[in-house]
Amino acid sequence: MKKIVLLGDSLTAGWGLKAGENWADKLANTFPDSEFINCGIPGDTTSGMLARFKEQVLDQKPDCFVLFGGLNDLNWGTDISVVASNINSMIAQAQHHGIRPVMVVTSAIDPIGSLPMFGHKPELVDTLRAAVTELSDVHAAKLMQMYGHGPESLCVINIYQAFERYAEKEGYSSLYQNDGIHLSALGANLIYENLLSLFR
């Protein structure tokens, strides 16, 4: 039986979703012969994930771990380079211990639907979305160059780009709950579909 640890925040925990709707639940139901350990903590940052990395990932000795975080860091004004450095540390440690890392580039937020959560200040929303774009276009590519080789090669699943492609045709609102930040059942299913081939 393969063991997979899912490390993240509310987008991994499935905040606001019914049982079975979250992408983590869907993977566990699709692959009953694998053990999926959901270590998503709502509100957590990549610094928090790094602090619990040994206990929740290394000590579990999984075959693979999925890292899905960064949005809360950016919400609190943490520089994107710090987020990338934390992600780098977890990927490096995983590979050193023979664990295959999977980095999920976080979704951004609904530029309209999230405005009430940001005091109706579009400049704050634009700053956060720009930082996620940089994580997607710059830092994820650099991490692939560094770790995308060998028996435990890094795999990057770019959910930011997947959501943006969907939104170009259908808009953002259906991907999120009413706050424009947390995943709707449809948004969670899109993540599930992007991760599905990894575990087949």
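Let me begin with a term: a residue is called buried when its relative accessible area is under 20%, exposed when it is over 50%, and partly exposed in between, using a 1.4 Å probe and protein chains only. This is a predicted model, in which local features need pLDDT of at least 70, side-chain atom pairs count only at pLDDT 80 or more, and totals for chains, interfaces and linings use all residues. Residues are numbered from 1 along each chain as its sequence is written, and side-chain values use heavy atoms, with hydrogens and water left out.

I turn to Thr12, which is placed in helix α1. Helices (H or I, at least four residues) and strands (E, at least two) are DSSP runs, numbered from the N terminus. With a relative accessible area of 1%, Thr12 is buried. Contact here means heavy atoms within 4.5 Å. Setting aside residues up to four places away in sequence, Thr12 touches Leu6, Leu7, Asn22, Trp23, Ala24, Asn38, Gly40 and Phe68.

How many of the five residues of strand β3 are buried? The count is five of five. Cys64, Val66 and Phe68 are buried on one side, and Phe65 and Leu67 on the other. Two strands pair if DSSP finds at least two bridges between them. β1 and β3 run parallel and are joined by five bridges, and Ile4 has Cys64 as its bridge partner in β3. Strand β4, residues 100-105, also pairs with β3 in the parallel sense, over five bridges; there, Phe65 stands opposite Pro101.

A disulfide is a pair of cysteine sulfur atoms within 2.5 Å, and a search of the whole structure finds zero.

Next, the charged pairs. A salt bridge is a side-chain nitrogen of Lys or Arg within 4 Å of a carboxyl oxygen of Asp or Glu, and the structure holds three. In one of them, Asp44 meets Arg52 at 2.8 Å, N to O; Asp44 is buried at 13% relative accessible area, and Arg52 at 10%. Another joins Asp59 and Lys54 at 3.0 Å; here Asp59 is partly exposed, at 43%, and Lys54 is exposed, at 52%. Glu164 and Arg129 also meet, at 3.1 Å. Glu164 lies in helix α8 and Arg129 in helix α7 (residues 122-147), so this pair ties together parts that are 35 residues apart in sequence. Both Glu164 and Arg129 are buried.

Finally, the record. An unreviewed UniProt entry annotates residues 6-188 as "domain: SGNH hydrolase-type esterase"; UniProt positions are given in the numbering used here, feature names are shortened, and annotations may be inferred rather than shown by experiment. That span is 47% helix and 13% strand, and its end C-alpha atoms lie 14 Å apart.
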